[in-house]
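Colleague: Hi! Could you walk me through a couple of spots in this model?
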Amino acid sequence: MPLSKNQTPPALDIPQDVDGLLRLAAQSMFDVLARSSEGMMVVDRHHRVVWISDGYKRFLPALGFNDEHEFVGKRVEDVVPNTQMLQVLETGKPVLVDLLTNKAGTFLVSRLPLRNDAGEVIGALGLVLLDHPETTMQPLIQKFGRLQQELEDTRRQLAAQRRPKYTIASFIGASPAALEVKRQARRVAQTDSTVLLLGETGTGKELLAHAIHSASKRAHRPLVSVNIAAVPETLLEAEFFGVAPGAYTGAERKGRDGKFKLADGGTLFLDEIGDMPLALQSKLLRVLQEQEVEPLGSNTVMRVDVRVIAATSRDLAAMVAAGSFRADLYYRLNVLPIRVPALKERLDDIEALAEALGEDIARRSGMPQKLLSPDAIEWLMRQPWPGNIRELRNTLEQVSLMSDDMQLTAAHFQGEAALPVAADTPPDAAPAPTPTPPAVTTAQAVAPLPELIEALERDAIRRALQATGGNRMAAARLLQISRASLYERLARWPDLEVQLPDNA
């Protein structure tokens, strides 16, 4: 019946106070979700399932349960594979839309935190919004699958980039100095303490940092490297500690993780630590002591678990005395110092280093590997090598690529490389003349062709074995034949074997 002008409408049932209104809205929303969703569950703050709706019960057989009494009361992570309810309980943040896949099927789900009057998270509500969404939401599922695959590919690529490239065996050398460095590297790899690598430039400090990481229990975690000398001073803080979203004009909206965050659980290699500005040294010291980082423009402190390996070619102790390097940071870095010897201190390793470097040069250039004659090795061992192994590689690469000869002698290095001659070599000494092959006589020229070929092969093998000191592998490379072919010919001509030393 319509109301007259003098009649007042009946009182509405909606509560007039805010708390009552919110309770009504929450109850109404819960009732709507319970009726419209495929299933619901509630877990408490201890992860236990305390209630499931009638709709959720139909998923129990697929999850391996006969009835709700076997399911309710268990920890949710034990009964629902791949659940993210723990994330909601720990962070208090809802997950409004997500895809959940387990042995019961694929579901479109939502997860909401439950709070008490004080705002504390006391549980979480999970809703199955859609059962088998792959049939009704095919385009979304396909897009989700593509994004998931791209994410996995990117993670694999990043992991490959941050995997150690070298092991302790990669540190070439059997001299006492090299063996001692490898012994120390194996020892410090078993700890999580900070390592300080000291040595001249080009001695292999970065290689040793990779080797220590690969031999440690952190080998499966990232190895992140920072060359402090190569980063502008104004960007170092952001590079190390990261940037909060919108920290400054031009900053990324999503923020950016720093190197400490990227190396979490793994190793951070700080190359050229002596070039770090004083203003940043105190912040680095705090991170090393507290294992906490605070991104630029953020008030949030993040815990990290990072093992630091630092390296420098400078005299840090002298810098501390001069006031250009903090003493407390120096003591914090100098926990496990390893001095990497200069090349001039382990000249006995030059032959092995030259062999390994020659193989790498040949692989990178796509050219056959050049062999070094004994006089070339002797010449290399007489040089001062101020640039150490980096300079040795540069010299070998230059001479190898500029020469067509398969064997490099001292003359190649003295002439084409134009390196300074060692002090014990007279500056005007002429290089030893390269032996010329013997001329073929008229009598030999009229011999049957098979005999001529055999004579040439015997002579070539004899010369190759003499040039390589009886090293069969090196001789095969010089002749550009396989080792099997060389062994076959040596078995055919045993008189050539007599010329070989016992250790060939």
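Colleague: How are H21 and H22 oriented relative to each other?

Modeller: This is a predicted model, and in it the axes of H21 (residues 472-479) and H22 (residues 483-492) make an angle of about 105 degrees. Angles of 65 to 115 degrees count as roughly perpendicular, so H21 and H22 are roughly perpendicular to each other.

Colleague: And how far apart are the axes of H21 and H22?

Modeller: The axes of H21 and H22 are 9 Å apart.

Colleague: Which residues meet there?

Modeller: From H21 you have Arg 472, Met 473, Ala 475, Ala 476 and Leu 479. They meet Arg 483, Leu 486, Tyr 487 and Leu 490 of H22. Sorted by type, the residues of this contact are seven nonpolar, no polar and two charged.

Colleague: Nice. New topic: is strand S1 mostly covered or uncovered?

Modeller: Mostly covered: in S1 (residues 39-44), six of six residues are buried.

Colleague: Which residues sit on each side of S1?

Modeller: Gly 39, Met 41 and Val 43 are on one side, with Met 40, Val 42 and Asp 44 on the other. Both faces of S1 are covered. In a regular strand, side chains alternate between the two faces of the sheet.

Colleague: Which strands does S1 pair with?

Modeller: S1 runs antiparallel to S5 (residues 121-131), joined by six bridges; there, Gly 39 is partnered with Val 128. S1 also pairs with S2 (residues 49-52), again antiparallel, over three bridges, and Val 43 has Val 49 as its bridge partner in S2.

Colleague: What about the hairpin of S1 and S2, how many residues lie between the strands?

Modeller: Four, and His 47 in that hairpin takes a positive phi near 75 degrees.

How values were computed:
Residues numbered from 1 in each chain as written. Predicted model: local features only at pLDDT ≥ 70, side-chain atom pairs only at ≥ 80, totals over all residues. Heavy atoms only, no water. Axes fitted to C-alpha atoms, helices over the stretch in contact; angles between N-to-C directions. Helix = DSSP H or I, 4+ residues; strand = E, 2+ residues; numbered from the N terminus. Parallel < 35°, antiparallel > 145°, perpendicular 65-115°, else oblique. Contact = heavy atoms within 4.5 Å. Nonpolar A, V, L, I, M, F, W, Y, C, P; charged D, E, K, R; others polar. Buried < 20%, exposed > 50% of the residue type's maximum accessible area, 1.4 Å probe, protein only. Pairing = 2+ DSSP bridges.
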